[in-house]
Amino acid sequence: MPKLTVQGVGEFDVRAGKRLVKALIEDAGTDQLHACGGQARCTTCRVKFVEGEPKNITEAEKETLKVREVKESGVRLSCQIACDHDMTVELISRLEGSGRKDQGSPVADEIEPAPEWTTR
């Protein structure tokens with residue numbers, strides 16, 4: 001079972017393959033944003049990897065990061081990452097202080113859109 005460490009929150013055992021955005025909400029109990037419902041259309045679900053950043057990236061995530069000009073090292077979309085190894089993240093996109101009324105639309109169990117994997 002992969003271990004998810006969320007800085008300032010704690011360590012959590014997560015079901016292998018679970019989407020990171022869902023693990024942050026359901027397992028870690030955080031207020032991680034996900035305005036587009038985990039479709040890789042926005043960047044509200046961003047996290048910063050401290051350790052364990054996946055080497056692969058979905059084409060959808062790569063394109064959204066490019067279009068939105070998100071270039072900071074280690075910053076990824078939690079909706080496009082499966083928890084398949086130990087990782088440590090910093091929350092950088094939370095409901096608290098965002099001015100939004102809620103965290104976002106429901107998120108499916110599987111990565112959407114269907115992932116086409118590539119490298120960054």
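Two strands pair if DSSP finds at least two bridges between them. Helices (H or I, at least four residues) and strands (E, at least two) are DSSP runs, numbered from the N terminus. This is a predicted model, in which local features need pLDDT of at least 70, side-chain atom pairs count only at pLDDT 80 or more, and totals for chains, interfaces and linings use all residues. Residues are numbered from 1 along each chain as its sequence is written, and side-chain values use heavy atoms, without hydrogens and water.

**View 1. Five strands form an open sheet.** The order is S2-S1-S6-S3-S5, with mixed pairing. Strand S2 (10–13) and strand S5 (75–77) are the edges, each pairing on one side only. S3 and S6 pair in the antiparallel sense, over four bridges. Val47 stands opposite Leu91 in S6.

**View 2. The largest nonpolar core has 15 residues.** Such a core is a set of buried Ala, Val, Leu, Ile, Met, Phe, Trp, Tyr and Cys residues joined through side-chain atoms within 4.5 Å. Buried means under 20% relative accessible area, exposed over 50%, partly exposed in between (1.4 Å probe, protein chains only). Leu4, Val6, Leu20, Leu24 and Val89 touch the most other members. Strand S1 (3–6), helix H1 (20–27), strand S3 (46–51) and strand S6 (87–91) each supply at least two residues of this core.

**View 3. Helix H2 (residues 59–67) has buried residues Glu61, Thr64 and Leu65.** They lie on the same side of H2 because they cover an arc of only 100° around the axis, taken from the directions from the helix axis to the C-beta atoms. Lys66 and Val67 are exposed on the face turned away from the buried side.
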